[in-house]
Amino acid sequence: MKITDVIRELGLKVLSGHEGLENEVTGAYVSDLLSDVIGNGREGNVWITLQGHHNIVAVASLKDLAAIIIVKGIQPDEETIRKSKQENIPLLSTEDDTFTVAGKLYNLILKQ
Amino acid sequence: MQYRFKIAGGDFSNAGTVASSVKKILRQLNINHTVSKRIVIALYEAEVNVVAHAYSGLVEIDIDSEKLRAYIADKGPGIPDIPKAMEEGFSTASPQVREMGFGAGMGLSNMKRNCDILNITSEPGTGTNVEMITYFKPDAR
C-alpha cells in the first residue's frame with residue numbers, strides 16, 4: 001500500500017511533501033511524544049499525531065517514516081510545511097481525532 | 001574520520017541536524033542499516049538533551065573501521081543525580097518543552113538502548129559530558 005492509497009481511502013488532505021506520496025506504507029504508529037516515536041516508530045510507518053511544530057519532520061525523516069497525519073484539523077507551522085517539502089515527508093491532515101483516524105487506518109491496513 | 005558539530009541551547013528549529021548529518025555519513029559509508037538506525041536514535045536524543053537543557057554543546061564524532069564514538073560536551077546546569085535521570089519517565093524539562101512532545105523522560109533510556117557503551121559524567125552548574133560508542137558489527141563489543 002502506498003501513501004496515495006491511504007489518502008484516498010481515509011479522505012486526507014495533502015498539506016505538503018507531494019514528492020513522498022508514492023512512499024510504501026509498512027504500518028502506523030500513534031504518539032505525541034517525540035522520544036517515543038524516535039525509539040519505537042519503524043521505517044515506512046505512517047505517524048499519527050497532534051503535534052504541528054517542525055521537529056516532527058526531523059523525527060519522521062530520521063526514522064524514514066512514510067508520512068505524518070496531523071489530526072483534528074490542526075494547522076502545522078509554516079516551518080513544518082517548509083521542512084516537509086525539503087525532506088519529502090508528506091504532511092497529511094484530517095478533521096478526525098486520533099482514535100478515529102487510527103481506527104480507520106488500522107482497518108485499511110488489516111484489509112490488505 | 002572525525003566530524004565536529006556545534007549545538008545551541010534552546011534552538012529547537014535545528015534540533016536533529018547533527019543526527020541527520022551523521023545519518024547521511026553512515027549511509028555513504030555503507031554502514032549496516034540496523035546499526036546506523038541505532039546510532040541515529042541515540043544521537044538525536046543526546047542532541048535534543050543539549051537543546052532542551054543546556055546553553056551550548058559540542059559534538060565530536062569519530063568513526064573508524066569498527067565503531068562510531070560520539071562525544072557530546074555541553075555547558076549547562078548538569079545532572080545532579082545521574083541514576084535518577086536514567087529512570088524512564090523522569091524529566092526536568094520545562095512545560096514548554098513538554099508541550100512540544102519532548103521531555104517524556106525517555107531520552108536517556110533511548111540512548112542507553114541504542115548504543116553499546118554509554119558514559120555520562122556531569123558537574124552540576126557546569127555541564128554534562130556524554131560518550132557513546134557503537135560497534136558496527138553487533139557482536140564486536
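Start by selecting chain A and colouring by secondary structure: from the N terminus on, the elements run α-β-β-α-β-α-β-α-β-α. Keep in mind that this is a predicted model. The tally for chain A is five helices and five strands. Chain A has a radius of gyration of 12 Å, close to the 13 Å that the globule rule gives for 112 residues, so it is as compact as a globular protein of that length. Along its principal axes, the C-alpha trace of chain A spans about 35 × 25 × 25 Å.

You're looking at about 5000 Å² of accessible area, with 49% belonging to carbon and sulfur atoms. Of the 112 residues of chain A, 54% count as buried.

Next, charges. Chain A carries 11 positive and 16 negative ones, and their mean positions are 1 Å apart. Over all chains, the whole structure has 17 salt bridges.

Select A:K83 and A:E79: their side chains form a salt bridge at 4.0 Å, N to O. Both sit in helix α4 (residues 78-87) of chain A, and because they are four residues apart, about one helical turn separates them. A:K83 is buried, at 17% relative accessibility, while A:E79 is partly exposed at 25%.

Then pick A:D5, A:R8 and A:E9, which are linked in a network of salt bridges.

Hop over to chain B and select B:D116 and B:R38, a salt bridge at 3.3 Å, N to O. This pair links distant parts of the chain, 78 residues apart: B:D116 is in the loop between α5 (107-113) and β4 (117-123), B:R38 in helix α2 (residues 33-53). B:D116 counts as buried, at 16% relative accessibility.

Last stop: B:E66 and B:K67, whose side chains meet in a salt bridge at 3.8 Å, N to O.

Technical notes: Residues are numbered from 1 along each chain as its sequence is written. Chains are lettered from A and ligands numbered from 1 in the order in which they are written. This is a predicted model: local features need pLDDT of at least 70, side-chain atom pairs count only at pLDDT 80 or more; totals for chains, interfaces and linings use all residues. Side-chain values use heavy atoms; hydrogens and water are left out. Helices (H or I, at least four residues) and strands (E, at least two) are DSSP runs, numbered from the N terminus. The radius of gyration is taken over C-alpha atoms; the globule rule is 2.2 Å times the number of residues to the power 0.38. Buried means under 20% relative accessible area, exposed over 50%, partly exposed in between (1.4 Å probe, protein chains only). Accessible areas come from the Shrake-Rupley method with a 1.4 Å probe; for residues, only the protein chains shown count as cover. Lys and Arg count as positive and Asp and Glu as negative; His and the chain ends are not counted. The place of a charge is taken as NZ of Lys, CZ of Arg, CG of Asp or CD of Glu.
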